[in-house]
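Trainee: I would like to learn how to read a structure, one feature after another. Could we work through an example together?

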Amino acid sequence: MDWKSLCKLLLLPLQMIYYVLKAAVCQVLPSKLRDLRGDTVLITGGGRGIGRNLAKEFAKQGAKKIILWGRTEKCLKETTEEIRQLGTECYYFICDVGNREEVYQQAKAVREKVGDVTILVNNAAVVHGKSLMESDDDALLKSQHINTLGQFWTTKAFLPRMLELQNGHIVCINSVLALSAIPGAIDYCTSKSSSFAFMESLTLGLLDCPGVNATTVLPFHTNTDMFQGMRIRFPNLFPPLKPETVARRTVEAVQKNHALLLLPWTMHALVVMKSILPQSALEKIHRFSGSYTCMNTFKGRT
C-alpha cells in the first residue's frame, strides 16, 4: 500500500464523521423550501387513499397542475373534481402502471395534452394478502408488476425530460415493510423491498444530476382500505397513520429535498434494532409488528 492510499484510509473515519455531522446540522437548521407553483405533479394510484390526499396537499401547497393516474375511473373523476374546486388544474388518465406499453402510451398523451411532468409520485400499489402457498401465481405476478416494475416504466417515461430540463423530483410511497417484513403479505413485502432498492440506486445515480432529486417515503401501517386486514399488537400505543398525515409529510419532504422519510420517526429505532439484535429478539419485533390477514384480493391504491 502506497502512502497516498494509506492517507486516504486514515482520513476515511474523519470524512464519515464530517458527513454525519453535516447531515445532522442540515436536519436541525431550517431549509429553503421548493416553490411548487411552477410544478406539474403526476400521481399514480391517485384516485383514492394516500394518492387522493397527496393530490389535495400538492394543490394546497400551490402546485400548478395535478395529473392523476389509476385504473378506476369513478375514483379518478371524483378526486379530479375535488382538486379543481381548490382552484388547481387537474387531469386524469386511465393507466395500469403494471402494463409497460400502457405507461409509455399514456406518458406520451400526458406530454401532448398537459406538458412536462416535473414531480412524479409513484404511489400505486396492491396487496394480495395471502400466504405464499395460498397465493395464486397470477396474483403474485400482478403485485410485482404494479408495485415494483411499474416504477421502472414510469421513471423511464418521465425522467429523461427532467434531466433535460434540470428540474425534477421522483417520489416513491413505499412502506416500512420494505425493511421489516410481516407474515401474510409476502407479495407486498417482497415487492416493497425491491422498490426500496430501486429508489436507493436511483437516488445515488441522481447525485451528479443537477436539479433532479428523489424521495423515498416509508410509512408505518396507514389507515386506508388497503390495510383493513392489518393486525397490530398494540394499536393504542402505535395507531395507524392517517393518509392525510402521510401526504402532508411527503410533500414537506419533497419541498425540503429529503431523500428518505420514515413515518413515524420511531421507525428509525426499528431499523437500528434489526441490524444489531439477535434472532430471538427479532422474533419479538416481528410479533410486535403484526400480520396481515386480509382475504380480499388486490386491495390497493390503484
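**Reading strands, cores and surface**

Mentor: This is a predicted model. Start with strand β6 (residues 168-173), which is mostly covered: six of its six residues are buried.

Trainee: Which residues point one way from β6, and which the other way?

Mentor: In a regular strand, side chains alternate between the two faces of the sheet. In β6, one side has G168, I170 and C172, while H169, V171 and I173 point the other way, and all are buried.

Trainee: Which strand runs parallel to β6, joined to it by four bridges?

Mentor: Strand β4 (residues 119-122) does. Within this pair, N122 stands opposite C172 of β6. Strand β7 (residues 212-219) also pairs with β6 in the parallel sense, over six bridges. There the bridge partner of C172 is T216 in β7.

Trainee: Why is strand β1 said to be largely enclosed by the rest of the structure?

Mentor: Count the buried residues. Strand β1 (residues 40-44) is largely enclosed because five of its five residues are buried. Then look at each face: T40, L42 and T44 lie on one side, V41 and I43 on the other, and both faces are covered.

Trainee: What is the partner strand of β1, and how do the two run?

Mentor: β1 is joined by five bridges to strand β2 (residues 65-70), and the two run parallel. As one example, T44 has W69 in β2 as its bridge partner.

Trainee: Which residues touch the most other members of the largest nonpolar core?

Mentor: That core has 33 residues, and the ones touching the most other members are V41, I43, L54, F58, I66, I119 and V121. Take V41 as a case. Leaving aside residues up to four places away in sequence, V41 touches F58, A63, K65, I66, I67, I119 and V121.

Trainee: Where does T203 lie, and why is it called buried?

Mentor: T203 is in helix α6 (residues 186-205). The cut-off for buried is under 20% relative accessible area. T203 has 17%, so it counts as buried. Its contacts, not counting residues up to four places away in sequence, are A214 and A259.

Trainee: How is a loop residue such as F220 read?

Mentor: F220 sits in the loop between β7 and β8 (230-231). Its relative accessibility is 10%, so F220 counts as buried. Sequence and space can then be set side by side: F220 and V246 are 26 residues apart in sequence, and their C-alpha atoms are 9.5 Å apart.

Trainee: Which residues form a nonpolar patch on the surface?

Mentor: L132, M133 and I186 do, with about 340 Å² of accessible area together. L132 belongs to the loop between β5 (126-127) and α5 (137-165). With a relative accessible area of 48%, L132 is partly exposed.

Trainee: How many helices and strands are there in the protein, and what part of the residues is buried?

Mentor: The protein has nine helices and 11 strands. Of its 302 residues, 47% are buried. The protein exposes about 15600 Å², and carbon and sulfur atoms supply 58% of that area. For contacts with a separation of 6 or more, 74% are between residues 24 or more positions apart.

How values were computed
Residues numbered from 1 in each chain as written. Predicted model: local features only at pLDDT ≥ 70, side-chain atom pairs only at ≥ 80, totals over all residues. Heavy atoms only, no water. Patch = residues over 30% accessible without salt bridge, like charges linked within 9 Å, V, L, I, M, F, W, Y side chains within 5 Å. Areas by Shrake-Rupley, 256 points an atom, 1.4 Å probe, with all protein chains shown as cover. Salt bridge = Lys/Arg side-chain N within 4 Å of Asp/Glu carboxyl O. Buried < 20%, exposed > 50% of the residue type's maximum accessible area, 1.4 Å probe, protein only. Core = buried A, V, L, I, M, F, W, Y, C linked by side-chain atoms within 4.5 Å. Contact = heavy atoms within 4.5 Å. Pairing = 2+ DSSP bridges.
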